[in-house]
Amino acid sequence: QPRSRGLGDVYKRQVITTAAMDKYLQVFALLFKIKRLEYVLVNTWKSHLTAFHSVKKLPGVAGVLHQCHLCQNQMVHFVTNLQHYIMFEVCGVSLNH
């Protein structure tokens, strides 16, 4: 049974075209994936910190774990900047046009 369309649906269809909604959904899906990646990286950092405290006394391990930590920081930095760029530069500029 088809859902009855309210007045809000009529206004949305007049303001937001189907093509624009498709683009919005693509951008939203990308932002969702980036946010999920950020979440995974943060949880990896928590696991890394626990492992570091467990094995930091072993010779040579501290240096390797430090390099891993630096790599994780770079990945988190990149993902965060990418997310902010898409949200504020791409979407923000698109809304102004």
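Predicted model: local features only at pLDDT ≥ 70, side-chain atom pairs only at ≥ 80, totals over all residues.
Q: What share of the 97 residues in the protein chain is buried?
A: A residue counts as buried when its relative accessible area is under 20%. Taken over the 97 residues of the protein chain, the buried residues make up 12%.

Q: Is Gln72 buried or exposed?
A: Gln72 lies in helix 3, which covers residues 61-96, and when residues up to four places away in sequence are not counted, Gln72 touches Thr44, Trp45 and His48. The relative accessible area of Gln72 is 9%. Because the cut-off for this class is under 20%, Gln72 is buried.

Q: Which residues are in contact with Leu41, leaving aside its neighbours within four places in sequence?
A: Leu41 is one of the residues of the largest nonpolar core, and Val79 is also listed in that core. In soluble globular proteins, nonpolar side chains tend to be buried together. With its neighbours within four places in sequence left aside, Leu41 is in contact with Met75, Val76 and Val79.

Q: How many Å apart in space are Val76 and Val42, C-alpha to C-alpha?
A: Val76 lies in helix 3, and at 25% relative accessibility this residue counts as partly exposed. Along the sequence, Val76 and Val42 are 34 residues apart. In space, however, their C-alpha to C-alpha distance is 7.7 Å.

Q: Is the aromatic pair of Tyr24 and Phe28 stacked or edge-to-face?
A: The count comes to one aromatic pair, and this pair is formed by Tyr24 and Phe28, with 6.2 Å centre to centre and 20° between the planes. Both residues lie in helix 2 (residues 18-55), four residues apart, which is about one turn of the helix, and Phe28 counts as partly exposed at 47% relative accessibility. Because planes under 30 degrees apart fall in this class, the pair is stacked.

Terms used. Residues numbered from 1 in each chain as written. Heavy atoms only, no water. Buried < 20%, exposed > 50% of the residue type's maximum accessible area, 1.4 Å probe, protein only. Helix = DSSP H or I, 4+ residues; strand = E, 2+ residues; numbered from the N terminus. Contact = heavy atoms within 4.5 Å. Phe/Tyr/Trp six-rings, centres within 6.5 Å; stacked < 30°, edge-to-face > 60°. Core = buried A, V, L, I, M, F, W, Y, C linked by side-chain atoms within 4.5 Å.
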